[in-house]
Amino acid sequence: MKSSGLVKERLGNKLVISMYKESACSHCNNCSDSAKIANTFTFITDRDDVNIGDIITFEMEDNQVFKAAMIVYIFPLIFMFLGYFLGSKLGFSEGKNIGMSFMSLVVAFIGIFVYDKKIVKHKIEKSVKIIDIERK
């Protein structure tokens, strides 16, 4: 997956990038620059020719993007269904089964949050490659 962004900060070998929105309207000049920024992203690079203010194009491995999407979209649904069926096996009423499914959904979101902060951030930082640098 290719993306581009503005280099906001350089901390040793880490770059802090404000990523541009990836849509057809993000490249026109009719709206302000702040409306074109999607979010901030940090990654590790071994390139010394990147400076603050440069616009870079970078690529992330597709399997990392696919894995992240699966975890964020599928994992909570699976937990929600498992919570419902676990409540059903324990003999809970319909209302308690639904409550159990939502409790398991919250547990899934907490698990994803912890997994993202502890593991994923370091893996993604290493799988980003800079393709192009535009000087401002």
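Phenylalanine 75 and phenylalanine 79 sit about one helical turn apart, because they are four residues from each other in helix H3 (residues 75–89). Helices here are DSSP runs of H or I with at least four residues, strands are runs of E with at least two, and numbering goes from the N terminus. Keep in mind that this is a predicted model: local features need pLDDT of at least 70, side-chain atom pairs count only at pLDDT 80 or more, and totals for chains, interfaces and linings use all residues. Residues are numbered from 1 along each chain as its sequence is written, and side-chain values use heavy atoms, with hydrogens and water left out.

How many aromatic pairs does a search of the whole structure find? It turns up two, where pairing takes Phe, Tyr or Trp rings (the six-membered one for Trp) with centres within 6.5 Å, and planes under 30 degrees apart are stacked, over 60 edge-to-face and the rest tilted. The rings of phenylalanine 75 and phenylalanine 79 have centres 4.7 Å apart and planes at 50 degrees, so that pair is tilted. Phenylalanine 75 is partly exposed at 32% relative accessibility, and phenylalanine 79 is partly exposed at 26%. Tyrosine 84 and phenylalanine 85 have ring centres 5.8 Å apart and planes at 85 degrees, so they count as edge-to-face.

Buried means under 20% relative accessible area, exposed over 50% and partly exposed in between (1.4 Å probe, protein chains only).

S4 pairs antiparallel with strand S1 (residues 2–11) over five bridges, and six bridges join S4 to strand S5 (residues 128–134), also antiparallel; pairing takes at least two DSSP bridges. Lysine 2 stands opposite glutamate 59 in S4, while methionine 60 faces valine 128 in S5.
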